[in-house]
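Here's a quick briefing for anyone meeting this structure for the first time. Take a look at the model, then read on.

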Amino acid sequence: MIIILGSITATDETIEDLARLGAEHSRRSRLEPGCLGHSASRDIENPLRIVFVERWVDMDAVRAHFAVKAAGDFVRTAMSMVSEPPTLELFDAAPTS
């Protein structure tokens with residue numbers, strides 16, 4: 001399983017639009033093949049920060065997700081709303097028994 005943790009920090013002016021777009025992106029992503037979970041949440045310590053937690057069956061599913069036009073459109077739009085560079089961490093999680 002592949003786990004992706006990411007965050008985007010908006011501005012006061014863009015946070016509501018970014019939160020709406022992030023929620024739409026998560027809902028759309030959950031419908032993709034290989035998606036085990038995708039969520040967007042506001043950081044309780046920094047209300048301008050949206051945190052994304054994604055779970056995918058494998059790297060092929062992640063690559064397919066990043067190739068989806070709507071995912072690329074979301075990233076491009078989100079990048080125009082940020083106050084600082086986004087973060088992205090990818091983890092290859094071994095299955096547990």
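L21 touches F74, T77 and M81, leaving aside residues up to four places away in sequence, where contact means heavy atoms within 4.5 Å. L21 is found in helix α1; helices here are DSSP runs of H or I with at least four residues, strands are runs of E with at least two, and both are numbered from the N terminus. This is a predicted model, in which local features need pLDDT of at least 70, side-chain atom pairs count only at pLDDT 80 or more, and totals for chains, interfaces and linings use all residues. Residues are numbered from 1 along each chain as its sequence is written, and side-chain values use heavy atoms, with hydrogens and water left out.

- L21 counts as buried because its relative accessible area is 18%; buried means under 20%, exposed over 50% and partly exposed in between, using a 1.4 Å probe and protein chains only.
- L21 and V75 sit 54 residues apart along the chain, yet their C-alpha atoms are separated by 9.9 Å.
- F74, one of the residues that L21 touches, has its place in helix α3.
- Is F74 buried or exposed? F74 is buried, because its relative accessibility comes to 9%.
- Which residues does F74 touch, not counting those up to four places away in sequence? They are I8, L18, L21, G22, H25, R28 and F52.
- Between the C-alpha atoms of F74 and G22 there are 7.9 Å, although the two residues are 52 apart along the chain.

**Two loop residues**

- L31 belongs to the loop between α1 and β2 (35-42).
- With a relative accessible area of 75%, L31 is exposed.
- From L31 to V57 you go 26 residues in sequence and 13 Å in space, C-alpha to C-alpha.
- N46 is placed in the loop between β2 and β3 (49-56).
- N46 counts as partly exposed, because its relative accessibility is 28%.
- N46 and T9 are 37 residues apart along the chain, and 8.5 Å separates their C-alpha atoms.

**Salt bridges**

- Side chains of opposite charge can pair when their charged atoms come close.
- How many salt bridges does a search of the whole structure find? It finds 7, each being a side-chain nitrogen of Lys or Arg within 4 Å of a carboxyl oxygen of Asp or Glu.
- R20 pairs with D17, and their closest N and O atoms are 3.7 Å apart.
- Both R20 and D17 lie in helix α1 (residues 15-29), 3 residues apart, or about one turn of the helix.
- R20 is partly exposed at 43% relative accessibility, and D17 is partly exposed at 37%.
- Salt bridges also link D17, R20 and E24 into a network.
- R49 and D43 form another salt bridge, with 2.7 Å between the closest N and O atoms.
- R49 is partly exposed, with a relative accessible area of 26%, whereas D43 counts as buried at 17% relative accessibility.
- D73 and R76 meet through their side chains in a salt bridge of 2.8 Å, N to O.
- D73 and R76 share helix α3 (residues 69-79), again 3 residues apart and about one turn of the helix.
- D73 is partly exposed at 27% relative accessibility, while R76 is exposed at 55%.

**The whole chain**

- The protein chain has 3 helices and 4 strands, and from the N terminus on they run β-α-β-β-α-α-β.
- Its C-alpha trace spans about 45 × 30 × 20 Å along the principal axes.
- Of the 97 residues in the protein chain, 34% are buried.
- Among contacts in the protein chain with a separation of 6 or more, 69% come from residues 24 or more positions apart.
- The protein chain exposes about 5,900 Å², with carbon and sulfur atoms supplying 58% of it; these areas come from the Shrake-Rupley method with a 1.4 Å probe, and for residues only the protein chains shown count as cover.
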